[in-house]
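Open your viewer and keep the sequence panel handy. We will walk through the model one selection at a time.

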Amino acid sequence: MSGTEDQGRASGSGDGTRAVRAGLPEPVAYEPTLPGPVFAAHYHLPGEPTGPYTYGRDENPTWTHLERAIGELEAPGEDDVETLVFASGMAATSSVIFSQLRAGDAVVLPSDGYQALPLVRAQLEAYGIEVRTAPTGGDAQLGVLDGAKLLWIETPSNPGLDVCDIRRLVEAAHARGARVAVDNTLATPLGQRPLELGADFSVASGTKQLTGHGDVLLGYVSGRDAEAMAAVRRWRKIVGAIPGPMEAWLAHRSLATLQLRVERQNATALALAEALRDRPEELGVRYPGLPGDPSHKIAAQQMRRYGCVVSFTLPTRARAERFLEALRLVDDATSFGGVRSTAERRGRWGGDAVPEGFIRMSVGAEDPEDLVADVLRALDESGR
């Protein structure tokens, strides 16, 4: 955990207890349980700078509370894990990739990962770094791992929801001298703990289900290797990819309901996946928690919960657009993980290798019966 202040600890071991109590400071009489955001570009700094807070680009008390909270969720009870927060998920992603690689190094990325990774690839290659790619499914990245310095895993993958065996890939990478970063955005720490599975970094966009209200851009990196995390921290300072104190405070406030949101959203996602699977038309439904899904066997071995995203494919672009227009309880929007359900025809962005009718749906916190009924009705209407 970052910072030097005394820190409060959740006394219980359950996810709900931990989420509600994580990162809170020790109680002080007549002070709020979660201190408000600290808006400070600089601090009183007489003499030599020996305190924890010197300048607003380096540290902020509001970040400290949030970083501790996320660290307690990613690695409960492990004091050697450090967490750093960033202005966005891509800021966190970039901090790991660019702080760990130099010209002449090789990195392995997923070929079916987040849409912005091709932009990262182009920049890496411009810096003289070799980029290799392979799909997430079937642990295919193993085949291009020799000589790499960093392996980047995204599991479940976005938007295809394929899963790879984190333990197996980590063991192979470490045997070859490579560090491993896992994008844990879709799973959240309540669904999967990459550090427990051996990864060097757990990286995520806090914009999604971690904060869950669609009103905060945030990212974070957790890791236990002090040298590697020092490089990540240095990169954050160099590029200034820091969150605002208000965003950090909102994120910490939102963590208190994480377990409640995740339980509802994941249960409804499974119910929706089952309903779509049972439709007479073949939709190619994907959800790691669905028995029979190609990812389910491996996911069940390493995930505690399976996420809130369900994908399926309609036969044409026109049918997909009619379906989205017919929805009443689901917003046509990008991103995922929010309390309000969203869906989109993912091919409209042009960066994912998916069919024109591919739908990525993020299940929110609506009543399951209402949401499932709305989706099935929209499918019926769009098919006429």
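Start with helix H11 (368-382), whose buried residues pack against H8, E8, H10 and E11. Contact here means heavy atoms within 4.5 Å; helices (H or I, at least four residues) and strands (E, at least two) are DSSP runs, numbered from the N terminus. This is a predicted model, where local features need pLDDT of at least 70 and side-chain atom pairs count only at pLDDT 80 or more, while totals for chains, interfaces and linings use all residues. Residues are numbered from 1 along each chain as its sequence is written, and side-chain values use heavy atoms, with hydrogens and water left out.

Now show the side chains of H11: Leu371, Val372, Asp374, Val375, Arg377, Ala378, Leu379 and Ser382 are buried. Buried means under 20% relative accessible area, exposed over 50%, and partly exposed in between (1.4 Å probe, protein chains only). From first C-alpha to last, the 15 residues of H11 reach 21 Å, close to the 21 Å expected at 1.5 Å a residue (the expected span is 1.5 Å times one less than the number of residues).

Next, select Leu276, Phe312 and Phe323, the residues with the most contacts inside the largest nonpolar core, which has 32 residues. Such a core is a set of buried Ala, Val, Leu, Ile, Met, Phe, Trp, Tyr and Cys residues joined through side-chain atoms within 4.5 Å. Helix H8 (258-277), strand E8 (309-313), helix H10 (317-326), strand E11 (358-362) and H11 each supply at least two residues of this core. Beyond its neighbours within four places in sequence, Leu276 touches Leu283, Val285, Val310, Phe312, Val375, Leu376 and Leu379.

Move to H10, where Arg319, Ala320, Phe323, Leu324 and Ala326 are buried. Look down the axis of H10: its buried residues fall within an arc of 165 degrees, so they line one face of the helix. The arc is that of the directions from the helix axis to the C-beta atoms. Their cover includes E8, strand E9 (331-332), strand E10 (342-345), E11 and H11.

Zoom in on Ala320. Which residues does Ala320 contact, leaving aside its neighbours within four places in sequence? They are Leu314, Arg345, Gly357 and Ile359. The relative accessibility of Ala320 is 0%.

Now find the open sheet of seven strands, ordered E1-E7-E6-E5-E4-E2-E3 with mixed pairing. Strands pair if DSSP finds at least two bridges between them. Strand E1 (82-86) and strand E3 (130-134) are at the edges with a single partner strand each, so one side of each lacks a neighbour in the sheet. Select strand E4 (residues 150-154) and strand E5 (residues 179-183) to see parallel pairing over five bridges; Leu150 has Arg179 in E5 as its bridge partner.

Follow E4 into the loop between E4 and helix H5 (166-175), the place of Pro156. The peptide bond from Thr155 to Pro156 is cis, with omega near -5 degrees. Pro159 is in the loop between E4 and H5 too, and a cis peptide bond with omega about 15 degrees joins Asn158 and Pro159.

Is Tyr30 buried or exposed? Tyr30 is exposed, with a relative accessible area of 86%, and has a positive phi of about 70 degrees although it is not a glycine. Asp139, in the loop between E3 and E4, has a positive phi near 55 degrees, but is buried at 6% relative accessibility.
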